[in-house]
Every structure is written in structure tokens, then in C-alpha cells.
Amino acid sequence: MPEIVTAGPLALALEWEDGRITEIGLRWSEGLAATPGPSETARAVGRTLERYVRGETVRWPDLPLALERVSRFIREILLTLVREAPQGMVVSYGELARLGGRPGAARAVGRAMAANRWPLILPCHRVLGARGALTGFSNPAGLAMKEFLLRLEGVL
């Protein structure tokens, strides 16, 4: 059972296995209730999420993400994204490929973003199509969620 934290219109569902976060589901909070008695880690994520939805620049807590569950390429691209696109900035799929040492691998980067198990924490919403096109967000809430996050961060 995931631990759910909510803040304003957003909810994060932390999936745990063997003390590691295997996935974080990003959803609209409507109809979801926060987990009673969450772990200290979930409480820290919740406090950060509250600041994030207020429009503050945040640094997510150091989380025990099970990054070994994704391929080396996906892991490297996601970590490059965290370094190169802080809150309030965006990159294109092509730029992220180049920054990750894989020029010409924009499509592979797009697949890596779609495979991201930890959205918002590893901010795949900050990756845009060529010429700033708002494309490619595999979240169940779709591009409406991506647009909301980018507006919240002052990018749009």
C-alpha cells in the first residue's frame, strides 16, 4: 500500500519495497486522502510538496530511490536532468541527450522520461519538445499536469 501525501491540488503516492522507494505516483489530490501516520520520509516529502505548491523553490529530501530498477541509460539521463534543469528551467529532449553525452538520442531520452518512476522528484515535466513544444508527458493526468507544474514553477 503506498504512502500518500497531499498538498493543494497535488498528491504523491510513495511505493516502498525493502526500505527503498520503487515508484512515486504523481496525481491530482481530488478524492485522495493522505496516509495517516506516514513515515518520516513521507512527512518530509509532504512538507516539501506543500512549499512547492505555494510556488517556492524547493530542494527535495534525499530519498532512497530504487534507481537500480531502471537501465543505466535511464538512470544517467534522469540524474543529468536533475543537475541541468533545476526548478524554473526547462530543456528539450535533444538538449538533454547532448548534456547526457548522447547527442542525437532525443527519442531515447523521450522514452527514458516516459519510464521515469519518480516524477516531480526527478523532474521529467521540465523536458520539452523542439522549440519549447509542450509534448510527451506520460502521467495519467496528461499534458494538463505538465502545464500546471511548469506554470507553478514560473516557466510558462
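Guide: Here are some labels and the values behind them. This is a predicted model, where local features need pLDDT of at least 70, side-chain atom pairs count only at pLDDT 80 or more, and totals for chains, interfaces and linings use all residues. Residues are numbered from 1 along each chain as its sequence is written, and side-chain values use heavy atoms, with hydrogens and water left out.

Visitor: Why is threonine 22 called buried?

Guide: Buried means under 20% relative accessible area (1.4 Å probe, protein chains only), with exposed over 50% and partly exposed in between. Threonine 22 has 9%, so it counts as buried. It sits in strand β3, residues 20-28.

Visitor: What touches threonine 22?

Guide: Leaving out residues up to four places away in sequence, its contacts (heavy atoms within 4.5 Å) are Glu15, Trp16, Glu17, Ala66, Arg69, Arg117 and Trp118.

Visitor: How do you know that the span of helix α1 agrees with its residue count?

Guide: The expected span is 1.5 Å times one less than the number of residues. For the 14 residues of α1 (40-53) that gives 20 Å, and the end C-alpha atoms are 20 Å apart, so the two agree.

Definitions and conventions:
Helix = DSSP H or I, 4+ residues; strand = E, 2+ residues; numbered from the N terminus.
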